[in-house]
Structure formats: structure tokens, C-alpha cells
Amino acid sequence: MTKRQKYSKRARREHRQGYLFITPAIIITGIFIALSVFFIIYLSFHKVNLFKDEYNFIGIKNYKRLFTDETTRVAFKNTIMFSLVVVPVQTFLALIIASVLNSNIKGKTMFRTIYFLPTLTSSSALTLIFMFIFNVNGPVNALLLKMGILQSGVNFLSNPSFALKVIMAMNIWSTIPYYMTLYIANLQDLPTNLYEAASIDGAGPIRIFFSIILPYLKPMTTYVLLTGIIGTLQMFDQAYIFSNGSGGPANSTLTVSLLIYRYAFGTQNAMGFAATLAIVLAILIFTVSMLAQKANKAESLY
Amino acid sequence: MKKLLVIILTLVLVISVSACKKSDTVSNVDQGNSQGNSESVNENPSQETVKEEEETTVEADYSGRKLTVGIWGGNDAEAAALKQVVTDFEAKTGASVELKTYTDINTQLQADFIGGTAPDVFYVDGSMFPFYATLDVLEPLNPNEIDADKFYPNLLAAFTAEDGTIYAVPKDVSTLAMYINTDLLSSVGYTVDDVPTSLEEMVTFLPELQAKLDEKYGKDQIVAMTYNQDLARNLHLLERNGASVADENGYSTLSSEGVLNNLEFMLSLVKTNAYKTPSELGLGWNGEVFGTGKCVIMEEGNWVYGNLVQNYPDINFEVIDMPSYLGKKSSMSFTVGYAIYKESKEKELAKEWIRYATGEGMVTWCSGAGTLPSREDVAEKMNVQSDPVWAKHLEQIEYSIPWQKGTTISIINTAYQNYLPSAVSGEMSLSDAMAKADKQANDEIENSR
């Protein structure tokens, strides 16, 4: 009987005010996020023709198609491989560069500024720049030719085995600075007496890195991993610009986002399947992020 | 002091906010429209001169009405020509015209159809027409209202649905022809007459030409001929001898025997190493390769003519027929039409626009933008025959096939462009590559039905 909480009149009025304050946010979130999510889930069970406003219920046929569609398999393979390579490399390199730039080397500030520049450029502009760099007549080919590694220029952009790797390199190069800056900011808080204590104990810089810096940055690493995973699994704009929307030479730069875009628009009439793909991608990102978070916490080095 | 600063800051903010005049252009920012070329010209013309020509012009007053015209961005010459047509139209009818420029018209226009915000009149590419016709978003046109009998019949047929209803009016046509850099050719000792008139002879001619070019200019500096890996360019070759890239239901038949034979021939040209795509040379399109003097021969549409004259004036060239294949001459023609949106509220004004733009306006547009007129009377008025380049392009209409093939051609083209490079580079055999392309296209077509 005593479970019912009695709020005083004043408390109730304050509650009402609170709800009033968050009403705009609820409306906006409700329409743009909640409603959209429910609509997508609804779409995924239908065969949709948005022009004619036709929705035919087809049950789980779209989900079954996920397993038989060859292009879907390729897209998932590309996306997962992309994420598997880019996330560890960019996290690790960001960590190392951050710890180097945190120490007392000359020109620290200048390096930090220079290294931060790629993040300020839009990814579309970067894609075009990299397409130029890796062009058949571009600097990279010229360098490799001069060094004698290649006999004739390799067309990185039209070669299925190289196209995705170029995008990986570009992505790593452009996101490392952002994470590096986060790490540097985090490292500023590290109390210097820990370094002193470690060096008194005879620890060299590598030991300091693994025993002091790494554990201290664990929470930040979780964030970097999570945003890295979410970002790379959703990569779209670079693949689109690189392959002009087609998914690259022999579907090698086809990511799941690009596939969703192709199925949703164009003459495909496959909006329902695109919705299904979007849901599966969301579930995938969620699962991987949860796993990454657990893995990072599990080995607590504190 | 601090208060003064705050007041000044507030004033600056207020002024800057109010200075951003709310124009009545439709912004496509969220659709990734980076070139916001939308213009809204609100002129109240004072001039009274109206060109009264033929019986098509209706002297109605549309002042105060606004027409949205959906176009895709082109080069500067096209933009200037269209602007002139718009100005003339506004002077004539008193209406105001707003141009809505799309960067990716196929995707964005579809989104506009779904959202109900499509422009009153818009470009329809000949190859996309069959698809749009099935969507029930185009307004059927009365042949009498649009002077249907004045247009070239095969062009009008490209915009006619199977039941005979006309949904769009062709505003121009472009064809492919062969461009030859006469300076480069003569520098290695050939004349235009030496260039073979059949593709079979090209297989032997191109390596010879390439060898001479390599000798004179260095290896890999200038290529003999460029081509494109695109069904829009290759279709007339692939469909020779009764072959077809799609069957009667729209399914892809790229790996059918006839198509494969023709493709084998195309690959034999590629194997000469004197026949490359612009991207293999690191450039954007044929026009750029030709204009920068990096190739001797190219097959391009008449849109490149104005570009060459304007941007690359020191290249001397001559335009000849496309080489024949299997004894028959052929080329591709590309036509674009104006269609009216079914839910448009300005249908009469839209019909006026179509009448004008495909009537008097066509002269302005075609001369400025560098395309061929789709009506014979306009062709005479423009005196197309007087310029040899134009005359040559006009001749190609006779044996060109239009770039249009049912509702599924863009799916087939995507699959084709996806897998052809692997066949060209030798990674996959041609039949394997095309079989994969077929499978990809047919899976998608099957699922869209």
C-alpha cells in the first residue's frame, strides 16, 4: 500500500514544467527518429513502390533475400573488411602519435597543427585529392616507377584488388588526426608524478607507454573504437565519389551504405529491401559496438 | 564599455541575419545539390515586341505566374543559352521562370516525385523515359498542342509510350561522330584519308599509328584512340547482327552469343594497346584527352564541339563518319525531352514553355548549347548544313540508334560497367565477366518486379 508515491502539489507542478521543457525535443526526436525507425521496420516487410503508393505485404521475403543476394554478400564482405583493417590501424597509430606528441619534443605545437589539418578537410574533397594522387600518372605511381618497384604504372583506381585499399588508406589518414587530438587532450590530465615514479623505478619509454599511458587512456580508447566502428561500417561518401556511385571495379568498393542507396533509388524499386539492409546494418553496428566495449573493459589493467 | 560591445555585436548579428534575403528559390541542400544554380528571375519586361510566328504562339498573359523548370547542370555555354531562352520566354508571356538545377537528376527527381515537389516541366533523358512512363507521374500530351508532326518521327517515338500516348517532347538530339586531330595525324605521316572507314581495318591501323606515335613522342605519351566502357557508347556495336543486350522482358542477355561475339571484337581493339579509356590515362572524358592533345582519334557527341572550340582552340580537327562494323555504319543518338509533371498546377504555362522551347527557343538553345535540333524546320532555320561539323553530326542521325532500351537498361549498364574492366584487364574471361554481370543485373531486375 505504501508503494504509491505521493507527490506534493509543488512537486507535481515542477514535473509538469519539466515535461513542458522537453516537449520540443520529444516532438523532434519522435518525428525524425522514432517515426522514421518504425517506418523503416514497416517498409522492410513490404514490397514498396513509393511513386504509386503501393505497399504489398510480403512477410520475411526481404530478409530471406539477404542470404541469397550475391551483391549483398559482397557488400557486407567489403564493409566488414574495411572496418577490420581501418579501426585497429587508426586507433593504434593515433595512440602512438599522440603519446609521441605529448612528450617534450621540439616543434610539438607545429606538428600538432599540421597533423590536425586532414580532419578539417571535407571527406569528399579528400577523396578527389586521393584519386588524383593514386592516378595512373600521379605522384604515387611516379615514385614507385622511379624506385623501380613497378615496371609500368598501376591503375589503382580501376583495379579491384587495390581500389578498396586506397579508400582504406585515405580513411585512416583523415581520421587519425581527430583521434590523435582526443588522445592528446586526455593525456594532458595524466599526472606527471606517475612518469617520475616510473622513471625512478627504471622504466624505459616503451614500458611507460604500455603500463601507464595505455591503461590511462582506456576510456578514451573505448570511445575511439566505438566511433571508429560506427563510422567505418557506415562509410558511403568516399566509396560513392571513388566509384561514381557504381560500387567500383567489379563491386570492390561496394559498401553496405552504397548498396542501400543503390537499391533505394534508381530504377530498382527495391525500397523494402533497402530498408531491410538498413536494419541489418544497424543491428550489426550495435552488436559489434557492444562487443568492442565489453572487450575493452574486460581486461582491466587498473 | 562592455555594454557597448554587446550592443554592437547584437546589431551586427541582426543586420547580417536580415541581409540574407529569403529568395524564393527551392534549395536542394539536403539533397547534396552543391551547385545551387536556381535562379528566380522576376522581370516585368517593358518591351512590347513579341515575335509572332506560325500558328503555335498563343498570346495569353501569364504575368504573375511562376513556372519551375527542372534541368541538370551543363557547361557554361548551355547555361547561357538556357538563360537566353528563359529571358525570351519571360518577355513573351510575362510569367517568371525558376530554374531548378539537379546534380543527380535521376535520384533527386525520383525523390521529388515521391514528395510531390517535382518541377512543372523537366528534362527527361531518352534512356530514362521508359522508366518514368511507368511511374504515372508524367502528363499525357496532346499531339496537336505540341506540333507533334514537326518533329523527326524517330525522336518523337522515343518519348511515346507503348499505347501511343506522347509524354514528352524532344528538345534536341546529339549524335556521336569521329573526331581526328589532324595536326597529330599529319605529324606522323598520315592523312585523314588514311584512317580506315571500318573497325575491322582499325585493328591493324591503330597499332601502326601507335607505333609511330610512340616513336615520335615517347612511349605512353599519346594514345591512338580513346573509347568508353559504357553501354551508352558501345550499344550500337554490341547489338550488331541481331544481338541484343536485353530480352523482350527486360532481362539482361549480355552473355548471349551474339553480344559476346561483338564484345570479343571490341576487346581485340583494346588488345592493340592503342585503344584506351580516358580513366586509364588518368583523365575525365574523351573531350579532355582530345583537347589536351593526348589522343589522335575519339568518338564523341556534338556537345564536345563547342567545348573544343572554346577551351582548346589550338587543336585542329576534322569530323568524319564513325567507322562501320560488319559492313554497316552506325552511331548512337541521345535525345532529351521536356515532360510535364502530372500534379503540376501550371500545366497550361508548362505547355507554353514546351511550345516555345521546342519552337522558336530551339534555335537559341541549340546554337548556344551545341546540340542538334529535333525538328527539320528549325534545322533549316539554323542552317545546320553550313558548318561541316554540324552537317556530319546531322548525317549520323540516319544510322544511329537511340540510347534507350526499356526500363531496365540502367541496371544492365551498371552491371556491364562493373564487370567489363575485369574482362579487359584479363582477370576474368569475357564470358565469365558477362555471365556475372547478367546475374547481378537479373537478380536486381527480378527483385524489382
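## Thr197(B) and its surroundings

In this predicted model, Thr197(B) is in contact with Pro323(B) and Ser324(B), leaving aside its neighbours within four places in sequence. Thr197(B) sits in a loop of chain B, with helix H6 (182-187) on one side and helix H7 (199-217) on the other.

Thr197(B) has 14 other C-beta atoms within 10 Å. It therefore counts as partly exposed, because that class lies between the limits of 12 or fewer for exposed and 20 or more for buried. Gly291(B) is 94 residues away from Thr197(B) along the chain, and the C-alpha atoms of the two are separated by 23 Å.

## Nonpolar cores

The largest nonpolar core has 120 residues. Those that touch the most other members are Ala224(B), Met225(B), Val296(B), Trp353(B) and Ile412(B). Helix H16 (residues 409-425) of chain B supplies the largest share of this core, nine residues. At least three residues come from each of two domains of chain B: domain 1 (34-39 + 51-173 + 334-401) and domain 2 (176-332 + 403-448). Another core, of 51 residues, lies apart from this one, and Met131(A), Leu157(A), Ile229(A) and Ala274(A) are among its members.

Trp353(B), listed above among the residues of the largest core, is in contact with Leu67(B), Val69(B), Phe89(B) and Val121(B), again leaving aside neighbours within four places in sequence. In soluble globular proteins, nonpolar side chains tend to be buried together.

## Contact between the chains

Chain A contributes 27 residues to the contact, and chain B contributes 29 residues. On the side of chain A that touches chain B, 10 residues are nonpolar, 13 are polar and four are charged.

Note on methods:
Residues numbered from 1 in each chain as written. Chains lettered and ligands numbered in written order. Predicted model: local features only at pLDDT ≥ 70, side-chain atom pairs only at ≥ 80, totals over all residues. Core = buried A, V, L, I, M, F, W, Y, C linked by C-beta atoms within 7 Å. Helix = DSSP H or I, 4+ residues; strand = E, 2+ residues; numbered from the N terminus. Domains from an automatic or database assignment. Contact = placed C-beta atoms within 7 Å. Nonpolar A, V, L, I, M, F, W, Y, C, P; charged D, E, K, R; others polar.
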